[in-house]
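Student: I have the sequence and the model open. Can we go through a few parts of it?

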Amino acid sequence: MVTFLISGLWHGANWNFVLWGGAHGLVQILENAGERIIPCKKRGGKIQCLIKMIAVFLFCNFAWVLFRAESIEQAIYIYFNMFVGIENPFSFIIQGFKDLPFVRIILWKIILILIILFLFEFFDRKNDVIDLLEKQKKCVRWMVYCLFLFLMIIFLPVESGREFLYFKF
C-alpha cells in the first residue's frame, strides 16, 4: 500500500494523486485476497477470470478521473455527474459517433488494441507467451518485435502542441 501511495505522490503533489495511488493499492490488496478465495490464475474458471478482468478494467477507468482531475472536488463532481442525462446508453454512444466522425478511427484503434491484448491474455493462460517467444528463432523474434514497433508507430498520437505530462515537473 505504501508503494502505491508514494507512486501517487510521485505523479503530483496533490491529494487526488495520493487518492489515486491509494485506490490502486487497496484494489491490489482486495485482488490478492480474492485470488485466495476464488483462484483465477491459469487454473481458475473462465467466468471468474472474465468477471475479475472486467472489474479491474472498470475500476481503472474510474480511477483515471482522480488522476486527471485538477482537485478532489472536481473528481467528486465528475463522479456524480458522469452519467447525468443519459437515459439510453446505447443510443447515447451511437449519437456520439454520428456527431464526431473522427471517433470512428479511434474506436477501430481501440478495438484492435483490445483484440491484441485479449489474444495475448488467452494464449498466456495456456503457455507463457514470453517464454515461447524466447524459444523461437532469432528471425521470428525480430518479426514480432518489428510488428510491435509498427503497431506502436500506428497508435502513436500525432497531436502537436500538447506537452508531455512529466515536462511539468
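Tutor: Start with a term: helices (H or I, at least four residues) and strands (E, at least two) are DSSP runs, numbered from the N terminus. The model is predicted, so local features need pLDDT of at least 70 and side-chain atom pairs pLDDT 80 or more, while totals for chains, interfaces and linings use all residues. Residues are numbered from 1 along each chain as its sequence is written, and side-chain values use heavy atoms, with hydrogens and water left out.

Student: Which helix does asparagine 16 lie in?

Tutor: Helix α2, residues 15-37.

Student: Buried or exposed?

Tutor: Asparagine 16 counts as buried because its relative accessibility is 0%. Buried means under 20% relative accessible area, exposed over 50%, partly exposed in between (1.4 Å probe, protein chains only).

Student: What does asparagine 16 touch?

Tutor: Leaving out residues up to four places away in sequence, asparagine 16 touches Leu66, Phe67, Ala69, Glu70, Ser71 and Ile72. Contact means heavy atoms within 4.5 Å.

Student: Now α3. Which of its residues are buried?

Tutor: In α3, the buried residues are Cys49, Ala63, Val65, Leu66 and Phe67.

Student: How far does α3 reach?

Tutor: From first C-alpha to last, the 23 residues of α3 reach 33 Å, close to the 33 Å expected at 1.5 Å a residue. The expected span is 1.5 Å times one less than the number of residues.
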